[in-house]
Amino acid sequence: QVHLVESGGGLVQAGGSLRLSCAASGRTGSRYATGWFRQASGKEREFVAAISWFGAITNYADSVKGRFTISRDNAKNTVYLQMNSLKSEDTAVYYCAAVSTSTVPTNTRMYAYWGPGTQVTVSS
């Protein structure tokens, strides 16, 4: 079992930046890919970014490419999502998720473990 907890969300003005963190505990000895997803009010959960265990492979949604960067520090069991040039449409609850795989899935159904989420609100 892997437990995930997100942090770093908050209220920011459009054009600003936030860095989200996803801290893992439990069975962190396995090699997990980690993804970030978001869910805006009234919408389905959508893929944002994912990173492989060693960080060599990353994947981003088109809507965040060039603005968001995913990274990880396995010594700290933490994955980060640096979000720059934030837009009002980035407002959502952001979730991190993990799965034991060598790929970087974009489908929510591929992920086994989920955090409770952190709210990001971008004011225009």
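Setting aside neighbours within four places in sequence, Y95 is in contact with E6, G35, W36, F37, Q39, R45, W114, G115, P116 and G117 in this predicted model. Y95 itself lies in strand 9. With a relative accessibility of 13%, Y95 falls under the 20% limit and therefore counts as buried.

**Rings around W114**

Across the whole structure, a search turns up six aromatic pairs. Y95 and W114 form an edge-to-face aromatic pair, with 6.5 Å from centre to centre and 75° between the planes. This pair links distant parts of the chain: Y95 belongs to strand 9 (residues 92-100) and W114 to strand 10 (residues 113-114), 19 residues apart.

How exposed is W114? Its relative accessibility is 26%, so W114 counts as partly exposed. Another ring meets W114 as well: the centres of Y111 and W114 are 6.2 Å apart and their planes stand at 65°, which is over 60° and therefore makes this pair edge-to-face too. Y111 is buried, at a relative accessible area of 6%. Taken together, ring pairs join F37, F47, Y95, Y111 and W114 into a cluster.

**A charge over two rings**

Which rings does the charged end of R45 sit over? They include those of Y95 and W114, as the table shows.

| Charged residue | Ring | Distance to ring centre |
|---|---|---|
| R45 | Y95 | 3.7 Å |
| R45 | W114 | 4.9 Å |

So R45, already listed among the contacts of Y95, has its charged end over both partners of an edge-to-face pair.

In soluble globular proteins, nonpolar side chains tend to be buried together. Here, the largest nonpolar core holds 35 residues, and W36, V48, F68, I70, L81, M83 and Y94 touch the most other members. At least two core residues come from each of strand 1 (2-7), strand 3 (18-26), strand 4 (32-39), strand 5 (46-51), strand 7 (68-73), strand 8 (78-83), strand 9 and strand 11 (118-123). Which strand gives the most to this core? Strand 9 does, with six residues.

Beyond its neighbours within four places in sequence, V48 is in contact with W36, F37, R38, N59, Y60, A61, V64, F68, L81 and Y94.

Key. Residues numbered from 1 in each chain as written. Predicted model: local features only at pLDDT ≥ 70, side-chain atom pairs only at ≥ 80, totals over all residues. Heavy atoms only, no water. Phe/Tyr/Trp six-rings, centres within 6.5 Å; stacked < 30°, edge-to-face > 60°. Helix = DSSP H or I, 4+ residues; strand = E, 2+ residues; numbered from the N terminus. Buried < 20%, exposed > 50% of the residue type's maximum accessible area, 1.4 Å probe, protein only. Lys NZ or Arg CZ within 6 Å of the ring centre and 35° of its normal. Core = buried A, V, L, I, M, F, W, Y, C linked by side-chain atoms within 4.5 Å. Contact = heavy atoms within 4.5 Å.
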